[in-house]
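Hi there,

Here is the structure I promised to pass on to you. Please open it next to this email and follow along as you read.

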Amino acid sequence: MFKKYIIKIVLDYINIYVNLFFIKYCLKIIIFCLILYLLFSETELVNLNGKIMGTSYSIYYVPKKNNFTIKKINIEIRKKLEKINNQMSTYLTTSEISRFNSSQLINTPFPVSSDTSYVISEALRIYKITNGAFDITIGKLVNLWGFGSELRKSKIPNILEIKKYHSWVGSDKISVIGNTLIKSIPELYIDLSSIAKGYSVDVISEYLNSQNIKNYIVEIGGEVRICGIKNNQQPWRIAIERPNSKIQQAQLIIKPGTISIATSGNYRNYFDQNGKRFSHTINPNTGWPIDNNLLSITVLYSSCITADGLATGFSVLGPECGMKLANILNIPVMMILSTKNGIEERYSKAFKDYLN
(Lines give C-alpha, C1' and ligand atoms only; values in the text may rest on other atoms or scores of the structure.)
Protein backbone atom coordinates (compact mmCIF):
# COMPACT_ATOMS: atom_id res chain seq x y z
CA MET A 1 0.00 0.00 0.00
CA PHE A 2 2.79 2.35 0.96
CA LYS A 3 4.66 1.56 -2.29
CA LYS A 4 1.57 2.40 -4.33
CA TYR A 5 1.31 5.73 -2.53
CA ILE A 6 4.97 6.53 -3.24
CA ILE A 7 4.60 5.55 -6.91
CA LYS A 8 1.53 7.80 -7.20
CA ILE A 9 3.41 10.78 -5.77
CA VAL A 10 6.32 10.23 -8.17
CA LEU A 11 3.98 9.95 -11.16
CA ASP A 12 2.17 13.14 -10.13
CA TYR A 13 5.46 15.04 -9.96
CA ILE A 14 6.48 13.68 -13.37
CA ASN A 15 3.16 14.85 -14.86
CA ILE A 16 3.54 18.31 -13.28
CA TYR A 17 7.10 18.60 -14.59
CA VAL A 18 6.12 17.48 -18.06
CA ASN A 19 3.20 19.91 -18.12
CA LEU A 20 5.39 22.77 -16.90
CA PHE A 21 8.02 21.93 -19.49
CA PHE A 22 5.37 21.80 -22.18
CA ILE A 23 3.94 25.16 -21.09
CA LYS A 24 7.41 26.74 -21.01
CA TYR A 25 8.15 25.26 -24.41
CA CYS A 26 4.91 26.65 -25.83
CA LEU A 27 5.58 30.06 -24.28
CA LYS A 28 9.04 30.10 -25.85
CA ILE A 29 7.53 29.24 -29.24
CA ILE A 30 4.91 32.00 -28.87
CA ILE A 31 7.50 34.59 -27.83
CA PHE A 32 9.80 33.57 -30.67
CA CYS A 33 6.96 33.89 -33.20
CA LEU A 34 6.01 37.28 -31.76
CA ILE A 35 9.60 38.51 -32.16
CA LEU A 36 9.65 37.31 -35.76
CA TYR A 37 6.36 39.10 -36.38
CA LEU A 38 7.66 42.36 -34.93
CA LEU A 39 10.88 42.08 -36.90
CA PHE A 40 9.47 41.23 -40.29
CA SER A 41 5.86 42.38 -40.35
CA GLU A 42 6.57 46.14 -40.32
CA THR A 43 4.69 47.62 -43.23
CA GLU A 44 6.78 49.68 -45.60
CA LEU A 45 5.77 53.29 -46.06
CA VAL A 46 4.32 54.19 -49.43
CA ASN A 47 5.93 57.34 -50.87
CA LEU A 48 4.43 59.39 -53.67
CA ASN A 49 6.16 62.53 -54.92
CA GLY A 50 6.23 64.82 -57.90
CA LYS A 51 5.70 68.37 -59.16
CA ILE A 52 2.49 70.39 -59.14
CA MET A 53 1.45 74.06 -58.84
CA GLY A 54 4.99 75.22 -59.55
CA THR A 55 6.30 73.32 -56.53
CA SER A 56 6.93 69.79 -55.29
CA TYR A 57 4.90 67.41 -53.19
CA SER A 58 5.79 64.39 -51.07
CA ILE A 59 3.27 62.04 -49.49
CA TYR A 60 4.02 59.16 -47.13
CA TYR A 61 1.42 56.79 -45.77
CA VAL A 62 1.15 53.43 -44.07
CA PRO A 63 -0.92 51.26 -46.45
CA LYS A 64 -3.82 49.12 -45.31
CA LYS A 65 -4.45 47.03 -48.40
CA ASN A 66 -2.76 45.27 -51.32
CA ASN A 67 -0.47 46.68 -54.02
CA PHE A 68 -3.34 47.03 -56.48
CA THR A 69 -5.17 49.29 -54.05
CA ILE A 70 -1.99 51.29 -53.40
CA LYS A 71 -1.55 51.89 -57.13
CA LYS A 72 -5.17 53.00 -57.41
CA ILE A 73 -4.77 55.41 -54.47
CA ASN A 74 -1.61 56.92 -55.94
CA ILE A 75 -3.33 57.51 -59.28
CA GLU A 76 -6.31 59.13 -57.55
CA ILE A 77 -4.04 61.43 -55.53
CA ARG A 78 -2.38 62.69 -58.70
CA LYS A 79 -5.77 63.25 -60.35
CA LYS A 80 -6.96 65.33 -57.40
CA LEU A 81 -3.83 67.50 -57.45
CA GLU A 82 -4.13 68.09 -61.18
CA LYS A 83 -7.80 68.98 -60.78
CA ILE A 84 -7.01 71.67 -58.19
CA ASN A 85 -4.20 72.99 -60.37
CA ASN A 86 -6.58 73.24 -63.34
CA GLN A 87 -9.04 75.15 -61.17
CA MET A 88 -6.81 77.58 -59.28
CA SER A 89 -3.46 78.08 -61.04
CA THR A 90 -2.69 81.54 -62.43
CA TYR A 91 -0.03 79.89 -64.58
CA LEU A 92 -2.73 78.17 -66.66
CA THR A 93 -4.77 80.50 -68.86
CA THR A 94 -7.60 77.96 -68.96
CA SER A 95 -8.00 77.64 -65.18
CA GLU A 96 -11.12 78.93 -63.46
CA ILE A 97 -9.17 81.64 -61.66
CA SER A 98 -7.36 82.79 -64.82
CA ARG A 99 -10.64 83.03 -66.71
CA PHE A 100 -12.21 84.97 -63.84
CA ASN A 101 -9.19 87.29 -63.68
CA SER A 102 -9.38 88.03 -67.41
CA SER A 103 -13.13 88.68 -67.30
CA GLN A 104 -14.08 92.36 -67.54
CA LEU A 105 -17.64 91.80 -66.36
CA ILE A 106 -18.53 93.51 -63.09
CA ASN A 107 -21.42 92.78 -60.73
CA THR A 108 -22.06 89.63 -62.78
CA PRO A 109 -21.97 86.11 -61.31
CA PHE A 110 -19.06 84.10 -62.72
CA PRO A 111 -19.61 80.32 -62.30
CA VAL A 112 -16.84 78.28 -60.65
CA SER A 113 -16.52 74.87 -59.04
CA SER A 114 -17.51 74.27 -55.43
CA ASP A 115 -13.79 73.77 -54.69
CA THR A 116 -12.82 77.23 -55.90
CA SER A 117 -15.84 78.76 -54.20
CA TYR A 118 -14.86 77.15 -50.90
CA VAL A 119 -11.21 78.27 -51.10
CA ILE A 120 -12.12 81.88 -51.86
CA SER A 121 -14.75 81.90 -49.10
CA GLU A 122 -12.11 80.74 -46.62
CA ALA A 123 -9.69 83.36 -47.96
CA LEU A 124 -12.29 86.07 -47.36
CA ARG A 125 -12.82 84.78 -43.82
CA ILE A 126 -9.08 84.94 -43.08
CA TYR A 127 -9.02 88.43 -44.65
CA LYS A 128 -11.47 89.55 -41.97
CA ILE A 129 -9.70 87.69 -39.14
CA THR A 130 -6.37 89.36 -39.99
CA ASN A 131 -7.91 92.80 -40.56
CA GLY A 132 -6.95 92.73 -44.24
CA ALA A 133 -3.37 91.51 -43.79
CA PHE A 134 -4.17 88.39 -45.81
CA ASP A 135 -5.59 89.39 -49.19
CA ILE A 136 -5.86 87.21 -52.31
CA THR A 137 -6.51 90.22 -54.57
CA ILE A 138 -2.86 91.32 -54.60
CA GLY A 139 -2.15 89.16 -57.66
CA LYS A 140 -1.31 92.00 -60.03
CA LEU A 141 1.01 93.56 -57.48
CA VAL A 142 2.74 90.21 -56.98
CA ASN A 143 3.28 90.01 -60.75
CA LEU A 144 4.41 93.63 -60.90
CA TRP A 145 7.07 92.96 -58.28
CA GLY A 146 8.22 89.89 -60.22
CA PHE A 147 7.07 87.17 -57.82
CA GLY A 148 4.06 85.83 -59.71
CA SER A 149 3.20 84.02 -62.91
CA GLU A 150 4.66 86.73 -65.15
CA LEU A 151 8.32 87.33 -66.06
CA ARG A 152 10.65 87.77 -63.07
CA LYS A 153 11.92 91.38 -62.96
CA SER A 154 14.02 91.47 -59.76
CA LYS A 155 13.90 95.25 -59.46
CA ILE A 156 11.68 97.89 -57.91
CA PRO A 157 8.76 98.65 -60.25
CA ASN A 158 7.72 102.10 -61.37
CA ILE A 159 6.22 103.98 -58.40
CA LEU A 160 3.19 105.15 -60.39
CA GLU A 161 2.48 101.57 -61.45
CA ILE A 162 2.64 100.42 -57.83
CA LYS A 163 0.05 103.04 -56.88
CA LYS A 164 -2.21 102.12 -59.81
CA TYR A 165 -2.07 98.40 -59.10
CA HIS A 166 -2.54 99.01 -55.40
CA SER A 167 -5.83 100.81 -56.09
CA TRP A 168 -7.20 97.52 -57.46
CA VAL A 169 -6.44 95.59 -54.28
CA GLY A 170 -9.09 94.71 -51.73
CA SER A 171 -11.02 91.55 -50.90
CA ASP A 172 -14.04 93.76 -50.27
CA LYS A 173 -14.18 94.03 -54.09
CA ILE A 174 -15.13 90.39 -54.48
CA SER A 175 -18.06 88.37 -53.20
CA VAL A 176 -19.05 84.71 -53.28
CA ILE A 177 -22.64 83.65 -53.85
CA GLY A 178 -23.08 79.91 -54.05
CA ASN A 179 -20.68 78.62 -56.70
CA THR A 180 -20.24 82.02 -58.35
CA LEU A 181 -17.77 84.87 -57.95
CA ILE A 182 -18.62 88.53 -58.41
CA LYS A 183 -16.10 91.33 -58.88
CA SER A 184 -16.93 95.01 -58.44
CA ILE A 185 -14.07 96.30 -60.63
CA PRO A 186 -12.87 94.80 -63.93
CA GLU A 187 -9.18 94.93 -62.88
CA LEU A 188 -9.66 92.63 -59.90
CA TYR A 189 -7.11 89.81 -60.02
CA ILE A 190 -7.02 86.86 -57.63
CA ASP A 191 -3.89 84.93 -56.69
CA LEU A 192 -4.49 81.80 -54.59
CA SER A 193 -0.86 80.74 -54.29
CA SER A 194 -0.86 81.65 -50.59
CA ILE A 195 -3.72 79.28 -49.76
CA ALA A 196 -4.22 76.72 -52.57
CA LYS A 197 -1.33 74.51 -51.43
CA GLY A 198 -2.82 74.28 -47.96
CA TYR A 199 -6.18 73.39 -49.46
CA SER A 200 -4.56 70.70 -51.61
CA VAL A 201 -2.98 69.18 -48.49
CA ASP A 202 -6.43 69.01 -46.89
CA VAL A 203 -7.99 67.41 -49.96
CA ILE A 204 -5.37 64.65 -50.13
CA SER A 205 -5.53 64.08 -46.38
CA GLU A 206 -9.30 63.72 -46.42
CA TYR A 207 -9.04 61.32 -49.35
CA LEU A 208 -6.58 59.13 -47.41
CA ASN A 209 -8.99 59.19 -44.46
CA SER A 210 -11.78 58.02 -46.77
CA GLN A 211 -9.62 55.05 -47.75
CA ASN A 212 -9.25 54.09 -44.09
CA ILE A 213 -5.62 55.21 -44.08
CA LYS A 214 -5.04 56.81 -40.69
CA ASN A 215 -1.25 57.15 -40.61
CA TYR A 216 0.23 59.58 -43.11
CA ILE A 217 2.10 62.80 -43.78
CA VAL A 218 1.13 64.99 -46.73
CA GLU A 219 3.48 67.80 -47.79
CA ILE A 220 2.92 70.18 -50.68
CA GLY A 221 5.23 73.14 -51.18
CA GLY A 222 6.25 73.05 -47.53
CA GLU A 223 2.70 72.95 -46.16
CA VAL A 224 2.07 69.80 -44.13
CA ARG A 225 -0.68 67.76 -42.54
CA ILE A 226 0.12 64.73 -40.42
CA CYS A 227 -2.04 62.04 -38.90
CA GLY A 228 -1.38 59.04 -36.67
CA ILE A 229 2.06 57.47 -36.41
CA LYS A 230 4.77 56.00 -38.62
CA ASN A 231 5.02 52.34 -39.55
CA ASN A 232 7.54 51.74 -36.75
CA GLN A 233 4.98 52.90 -34.18
CA GLN A 234 6.90 56.13 -33.63
CA PRO A 235 5.35 59.61 -33.93
CA TRP A 236 6.00 61.72 -36.98
CA ARG A 237 8.75 64.27 -36.37
CA ILE A 238 8.57 67.63 -38.13
CA ALA A 239 11.57 69.91 -38.61
CA ILE A 240 10.96 73.65 -38.60
CA GLU A 241 13.58 75.03 -40.96
CA ARG A 242 16.30 77.42 -39.86
CA PRO A 243 16.12 80.59 -42.02
CA ASN A 244 19.03 80.10 -44.41
CA SER A 245 18.91 80.82 -48.13
CA LYS A 246 21.77 78.44 -48.98
CA ILE A 247 21.38 75.23 -46.98
CA GLN A 248 18.56 73.44 -45.21
CA GLN A 249 18.92 73.03 -41.46
CA ALA A 250 16.47 72.39 -38.65
CA GLN A 251 15.79 75.20 -36.21
CA LEU A 252 13.49 73.03 -34.13
CA ILE A 253 12.11 69.49 -34.31
CA ILE A 254 8.66 68.81 -32.90
CA LYS A 255 6.29 65.85 -32.57
CA PRO A 256 3.00 67.69 -33.02
CA GLY A 257 0.59 64.76 -33.37
CA THR A 258 -2.36 64.98 -35.75
CA ILE A 259 -2.43 68.55 -37.06
CA SER A 260 -1.57 70.81 -40.02
CA ILE A 261 1.55 72.96 -40.23
CA ALA A 262 2.22 75.90 -42.54
CA THR A 263 5.32 78.05 -42.74
CA SER A 264 5.78 81.42 -44.39
CA GLY A 265 9.34 82.68 -44.89
CA ASN A 266 11.08 85.56 -46.60
CA TYR A 267 14.61 84.18 -46.75
CA ARG A 268 14.44 82.31 -50.07
CA ASN A 269 12.23 84.18 -52.53
CA TYR A 270 13.49 87.77 -52.73
CA PHE A 271 15.74 90.16 -54.63
CA ASP A 272 18.27 92.77 -53.48
CA GLN A 273 18.57 96.29 -54.84
CA ASN A 274 20.85 99.04 -53.55
CA GLY A 275 21.64 97.01 -50.46
CA LYS A 276 17.98 96.46 -49.50
CA ARG A 277 16.12 93.16 -49.62
CA PHE A 278 12.62 92.93 -51.11
CA SER A 279 10.71 89.78 -50.22
CA HIS A 280 7.95 88.03 -52.16
CA THR A 281 5.31 88.72 -49.49
CA ILE A 282 3.44 91.86 -50.49
CA ASN A 283 1.70 94.01 -47.91
CA PRO A 284 -1.82 94.63 -49.28
CA ASN A 285 -2.04 97.84 -47.23
CA THR A 286 0.98 99.47 -48.90
CA GLY A 287 1.54 97.66 -52.19
CA TRP A 288 5.18 97.08 -51.20
CA PRO A 289 6.96 93.96 -49.89
CA ILE A 290 6.73 93.59 -46.13
CA ASP A 291 9.52 95.31 -44.24
CA ASN A 292 10.05 93.74 -40.83
CA ASN A 293 12.55 91.50 -39.08
CA LEU A 294 10.35 88.40 -39.22
CA LEU A 295 12.29 85.75 -41.15
CA SER A 296 9.75 82.96 -40.91
CA ILE A 297 6.58 82.00 -39.12
CA THR A 298 5.10 78.55 -38.51
CA VAL A 299 1.41 78.09 -37.76
CA LEU A 300 -0.28 74.94 -36.43
CA TYR A 301 -3.98 74.46 -37.08
CA SER A 302 -6.47 71.67 -37.65
CA SER A 303 -6.91 72.49 -41.37
CA CYS A 304 -3.97 73.28 -43.62
CA ILE A 305 -5.87 75.81 -45.74
CA THR A 306 -6.38 77.98 -42.65
CA ALA A 307 -2.84 77.47 -41.38
CA ASP A 308 -1.53 78.47 -44.82
CA GLY A 309 -3.54 81.68 -44.99
CA LEU A 310 -2.84 82.66 -41.39
CA ALA A 311 0.91 82.18 -41.87
CA THR A 312 0.88 84.80 -44.62
CA GLY A 313 -1.44 87.10 -42.69
CA PHE A 314 0.71 86.96 -39.54
CA SER A 315 3.82 87.65 -41.66
CA VAL A 316 2.26 90.83 -43.01
CA LEU A 317 1.14 91.91 -39.53
CA GLY A 318 4.69 91.51 -38.26
CA PRO A 319 6.14 90.13 -35.01
CA GLU A 320 4.22 92.23 -32.48
CA CYS A 321 0.76 92.49 -34.07
CA GLY A 322 0.98 88.97 -35.52
CA MET A 323 1.85 87.40 -32.17
CA LYS A 324 -0.80 89.44 -30.39
CA LEU A 325 -3.48 88.16 -32.78
CA ALA A 326 -2.18 84.57 -32.50
CA ASN A 327 -2.54 84.73 -28.72
CA ILE A 328 -6.03 86.22 -28.96
CA LEU A 329 -7.06 83.39 -31.30
CA ASN A 330 -5.17 80.82 -29.17
CA ILE A 331 -3.26 79.53 -32.21
CA PRO A 332 0.14 77.78 -31.90
CA VAL A 333 2.68 80.01 -33.66
CA MET A 334 6.46 80.03 -33.79
CA MET A 335 8.31 83.07 -35.14
CA ILE A 336 11.97 83.28 -36.10
CA LEU A 337 13.31 86.83 -36.11
CA SER A 338 16.52 88.56 -37.08
CA THR A 339 17.73 90.78 -34.25
CA LYS A 340 20.91 92.69 -33.45
CA ASN A 341 21.83 89.75 -31.22
CA GLY A 342 21.24 87.19 -33.96
CA ILE A 343 18.42 84.71 -34.57
CA GLU A 344 15.63 84.80 -32.00
CA GLU A 345 12.69 82.45 -31.50
CA ARG A 346 9.31 83.56 -30.20
CA TYR A 347 6.30 81.42 -29.38
CA SER A 348 2.64 82.04 -28.83
CA LYS A 349 1.16 80.71 -25.59
CA ALA A 350 -0.51 77.82 -27.42
CA PHE A 351 2.75 76.75 -29.11
CA LYS A 352 4.57 76.11 -25.86
CA ASP A 353 2.78 72.76 -25.49
CA TYR A 354 4.81 71.53 -28.50
CA LEU A 355 8.22 72.34 -27.04
CA ASN A 356 8.38 69.31 -24.75
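**What I found**

Asn-283 is buried, with a relative accessible area of 13% (buried means under 20% relative accessible area, exposed over 50%, and partly exposed in between, using a 1.4 Å probe and protein chains only). Its place is in the loop between strand E12 (276–279) and strand E13 (294–301). Not counting residues up to four places away in sequence, Asn-283 touches Trp-288, Pro-289, Ile-290 and Val-316; contact here means heavy atoms within 4.5 Å.

Before going on, a word on the source. This is a predicted model, in which local features need pLDDT of at least 70 and side-chain atom pairs count only at pLDDT 80 or more, while totals for chains, interfaces and linings use all residues. Residues are numbered from 1 along each chain as its sequence is written, and side-chain values use heavy atoms, with hydrogens and water left out.

**The chain as a whole**

The chain has 8 helices and 15 strands. Both are DSSP runs numbered from the N terminus: helices are H or I with at least four residues, and strands are E with at least two. Of the 356 residues in the chain, 47% are buried. Among contacts with a separation of 6 or more, 61% are between residues 24 or more positions apart.

**How the helices pack**

Start with helix H8 (residues 304–329), and look at H7 beside it: their axes come within 7 Å and cross at roughly 165°. That makes H7 roughly antiparallel to H8. Axes are lines fitted to C-alpha atoms, for helices over the stretch in contact, and the angles run from 0 to 180 degrees between N-to-C directions. Angles under 35 degrees count as roughly parallel, over 145 as roughly antiparallel, 65 to 115 as roughly perpendicular and the rest as oblique. On the H7 side, the contact is made by Ala-196, Lys-197, Gly-198, Tyr-199, Val-201 and Asp-202, and on the H8 side by Cys-304, Ile-305 and Asp-308.

H8 also packs with helix H4 (residues 114–129), at an angle of about 5° and with the axes 10 Å apart. H4 and H8 are therefore roughly parallel to each other. Residues making this contact include Tyr-118, Val-119 and Glu-122 of H4 and Ile-305, Thr-306 and Gly-309 of H8.

Leaving aside neighbours within four places in sequence, Gly-318 is in contact with Asn-292, Leu-294, Met-323 and Met-335. The C-alpha atoms of Gly-318 and Leu-295 are separated by 10.0 Å, and these two residues are 23 residues apart along the chain.

Back in H7 you will find Asn-209. Its contacts, leaving aside neighbours within four places in sequence, are Lys-214, Tyr-216 and Arg-225. Asn-209 and Cys-227 are 18 residues apart along the chain, with their C-alpha atoms separated by 9.3 Å.

**Aromatic rings**

How many aromatic pairs does a search of the whole structure find? It finds 6. Rings of Phe, Tyr and Trp (its six-membered ring) pair if their centres lie within 6.5 Å; planes under 30 degrees apart count as stacked, over 60 as edge-to-face and the rest as tilted. The rings of Phe-100 and Phe-110 have centres 5.5 Å apart and planes at 65°, so this pair is edge-to-face. Phe-100 lies in helix H3 (residues 96–102) and Phe-110 in strand E3 (residues 110–111), so the pair ties together parts that are 10 residues apart in sequence. Both Phe-100 and Phe-110 are buried.

(A charge sits over a ring if NZ of Lys or CZ of Arg is within 6 Å of the ring centre and within 35 degrees of the ring normal.) Elsewhere, Tyr-347, Phe-351 and Tyr-354 form one aromatic cluster.

**Two backbone angles to look at**

Most residues other than glycine have a negative phi. Asn-212, however, has a positive phi near 60°. Asn-212 is found in the loop between helix H7 (196–210) and strand E6 (216–220), and is partly exposed, with a relative accessible area of 44%.

Gln-233 also has a positive phi, near 70°. The loop that holds Gln-233 runs between strand E7 (223–227) and strand E8 (238–241). Is Gln-233 buried or exposed? With a relative accessible area of 59%, Gln-233 is exposed.

Enjoy exploring!
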